[in-house]
Amino acid sequence: MLIIFVRCIIIYVALLVVMRLMGKRQLGELQPFEFVITLIIADVASIPMQDTAIPILHGIIPIFTIFIVHLLISKLNFKSIRFRKLIDGKPTIIINKNGLDYKAMKSLNMHINDLMESLRGQGYFNLKDVQMAIVETNGTLSVLPKFSATEVTNNDLKIEGNENCMPYNIILEGKIMAETLKKYGKMDKADIKKLLKKYKLKVKQVYLLSIDDNNEMFLQPFKSPSISEVLE
């Protein structure tokens with residue numbers, strides 16, 4: 001039992017290293033060859049985990065071999081557009097100015113229910129609101145809405161204001177994120193504690209505290225309503 005436990009840990013670490021080396025896209029939008037590689041790695045890893053008679057290297061070596069294959073394919077993808085089209089395919093337009101392209105959808109084995117589900121996932125419930133829809137090589141659907149269905153922005157309405165800034169998560173689950181606080185650069189730990197004292201809170205009572213470059217704060221305690229305001 002202990003041997004199986006140790007083997008599982010070793011293979012898990014090897015898989016973790018390989019997946020990190022392959023890049024974050026492996027965890028999200030997979031191209032066809034990346035999806036195949038991920039499936040093979042999962043299958044190869046499971047064999048030495050279950051069968052202790054198989055040397056553990058017989059699981060680790062194939063995993064890193066597949067990783068090398070992945071690197072080679074990725075390099076060729078960068079250097080050759082023709083090879084990239086061969087391996088990844090190319091985007092397919094399924095809605096154009098004439099409406100639905102039945103032949104394109106049939107080539108993708110995609111029926112109308114699949115399309116409507118994907119459109120609803122992006123906030124479009126009516127085909128008449130869509131000017132163009134493209135199935136990307138990783139299977140995601142990109143949508144260009146018609147002008148009448150395009151969302152109105154502050155710029156369209158000529159409304160002036162501060163640009164939105166990405167917030168800095170200063171406190172997460174009761175702990176001050178020292179590195180993030182340093183990036184924010186406008187406060188130190190003493191200032192944060194002083195700020196929380198204003199709301200009769202301690203650091204350990206805060207689920208989330210975020211502040212952006214415009215000094216807009218969002219404070220969410222564990223057991224109290226959230227607080228949003230602009231700091232002076």
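Two strands pair if DSSP finds at least two bridges between them, and strands (E, at least two residues) and helices (H or I, at least four) are DSSP runs numbered from the N terminus. The model is predicted, so that local features need pLDDT of at least 70 and side-chain atom pairs count only at pLDDT 80 or more, while totals for chains, interfaces and linings use all residues. Residues are numbered from 1 along each chain as its sequence is written, and side-chain values use heavy atoms, with hydrogens and water left out.

Strand β3 (residues 130–135) pairs with β4 in the antiparallel sense over five bridges. M132 has L144 of β4 as its bridge partner. Five residues lie between the strands of this hairpin, in which G139 takes a positive phi near 95°. In a regular strand the side chains alternate between the two faces of the sheet. In β4 (residues 141–145), L141, V143 and P145 make up the covered face, and S142 and L144 the uncovered one.

Helix α6 (residues 112–121) has L115, M116 and L119 as its buried residues (buried means under 20% relative accessible area, exposed over 50%, partly exposed in between; 1.4 Å probe, protein chains only). Seen down the axis of α6, these residues fall within an arc of 95°, so they line one face of the helix; the arc is that of the directions from the helix axis to the C-beta atoms. Exposed residues N113, E117 and G121 are carried on the face turned away from the buried side. Just after α6, G123 takes a positive phi of about 90°.

L2 lies in helix α1 (residues 2–22) and counts as exposed because its relative accessibility is 62%.
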